[in-house]
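Please look over the sequence and the model before reading on.

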Amino acid sequence: MSTELFRNAPFLLGMMRLHEHEPLHRPDAMADWIEARLDQGLCWYDHADIYGDRQGETLFGQALRARPALAKRVKIVTKASIVTPNRDLSPMGVKHYNSSPDYITQAIDDALRRLGVEHLEHFLLHRPDPLMNAEATARALDAAIDNGKIGAVGVSNFLPEQWRRLQHAMQHKLMGHQLKLSLAYPDPLFDGRYDALVADDLHPMAWSPLGGGIVFEDVLGESLSTIAEELETSSAGLALAWLRALPQRPVPVIGTLRPERIDELLTGANLNLERPTWFALLEEARSHRVA
């Protein structure tokens, strides 16, 4: 996987709501949507097997089968290791995590089948598993890379010692980390998590980059609106630009499927913010002055 290409993407197109968006459930309509995004230079798509209980990957795969030429142009990130209660075959019926080698190997194969592709650019363990046998899981992930099923492995929502334990057991380098990060949730910048990520050269993907809309509320929302108007961009685009200014240039994972909203975010995601502007937004986000 080209890490530079991944690093330079303005954002990943998150497929977490695809199963709820009925106009794109027809394979031809979804194929048109994908092709339009590719023509905008947006080639990275973020999936997980729990999105719509596998429906997200399935709908996306149906579109690629309807228009096979698209499969060579898209670049896919997907995640697995969360077992939802309805998929727990035990009498417990409990949500849990499974990073066992057999489960992960099958999850990768199933994702390839649902998506209708022969290769995943990036596969992430979705949540840290306290029962993970790091050596056994590492062998399964290394084998998936060696067999050409995936281009790179990463993690999501891991703490530093959790990803380091896995990395220590792996032959291949962990490449990415998808974490919760936004103006609404800047905590990783101040508790050491983000510094550890940079130190270990994991490329960050920021989920919930707009804080589920919280960034548009109250004083922070007012400040975003005022500065966005001055910079001739949107509040949402400005919030993404704030993220992109960080070391390692985090790639936001956006959730919208609306073309006009995607256009709006594109205008702001690559905006270069001056340092005082960045800190002014941080002050509003944290509700106190920089010390």
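The model is predicted. It contains eleven helices and ten strands. The protein is as compact as a globular protein of its length, because its radius of gyration of 19 Å is close to the 19 Å that the globule rule gives for 291 residues.

**Overall dimensions and packing**

- The C-alpha trace spans about 50 × 45 × 40 Å along the principal axes of the protein.
- Of the 291 residues, 52% are buried.
- Among contacts with a separation of 6 or more, 75% are between residues 24 or more positions apart.

**Surface and charge**

- The protein has an accessible surface of about 13,200 Å², and carbon and sulfur atoms account for 50% of this surface.
- There are 30 positive and 39 negative side chains in the protein.
- The centres of the positive and negative sets are 4 Å apart.

**Helix H3**

- Helix H3 covers residues 55-66, twelve residues in total.
- From the first C-alpha of H3 to the last, the distance is 16 Å, close to the 16 Å expected at 1.5 Å a residue.
- The buried residues of H3 are Gly56, Glu57, Leu59, Phe60, Gly61, Ala63 and Leu64.

- Most residues other than glycine have a negative phi.
- Glutamate 232 has a positive phi, near 55 degrees, although it is not a glycine.
- The loop that holds glutamate 232 runs between helix H8 (218-230) and helix H9 (235-244).
- With a relative accessible area of 74%, glutamate 232 is over the 50% cut-off and therefore counts as exposed.
- Glutamine 248 is also a residue other than glycine with a positive phi, here near 75 degrees.
- Glutamine 248 sits in the loop between H9 and strand E10 (251-254).
- The relative accessible area of glutamine 248 is 17%, which is under the 20% cut-off, so this residue counts as buried.
- In short, glutamate 232 is exposed, whereas glutamine 248 is buried.

Methods. Residues are numbered from 1 along each chain as its sequence is written. This is a predicted model: local features need pLDDT of at least 70, side-chain atom pairs count only at pLDDT 80 or more; totals for chains, interfaces and linings use all residues. Side-chain values use heavy atoms; hydrogens and water are left out. Helices (H or I, at least four residues) and strands (E, at least two) are DSSP runs, numbered from the N terminus. The radius of gyration is taken over C-alpha atoms; the globule rule is 2.2 Å times the number of residues to the power 0.38. Buried means under 20% relative accessible area, exposed over 50%, partly exposed in between (1.4 Å probe, protein chains only). Contact means heavy atoms within 4.5 Å. Accessible areas come from the Shrake-Rupley method with a 1.4 Å probe; for residues, only the protein chains shown count as cover. Lys and Arg count as positive and Asp and Glu as negative; His and the chain ends are not counted. The place of a charge is taken as NZ of Lys, CZ of Arg, CG of Asp or CD of Glu. The expected span of a helix is 1.5 Å times one less than its number of residues.
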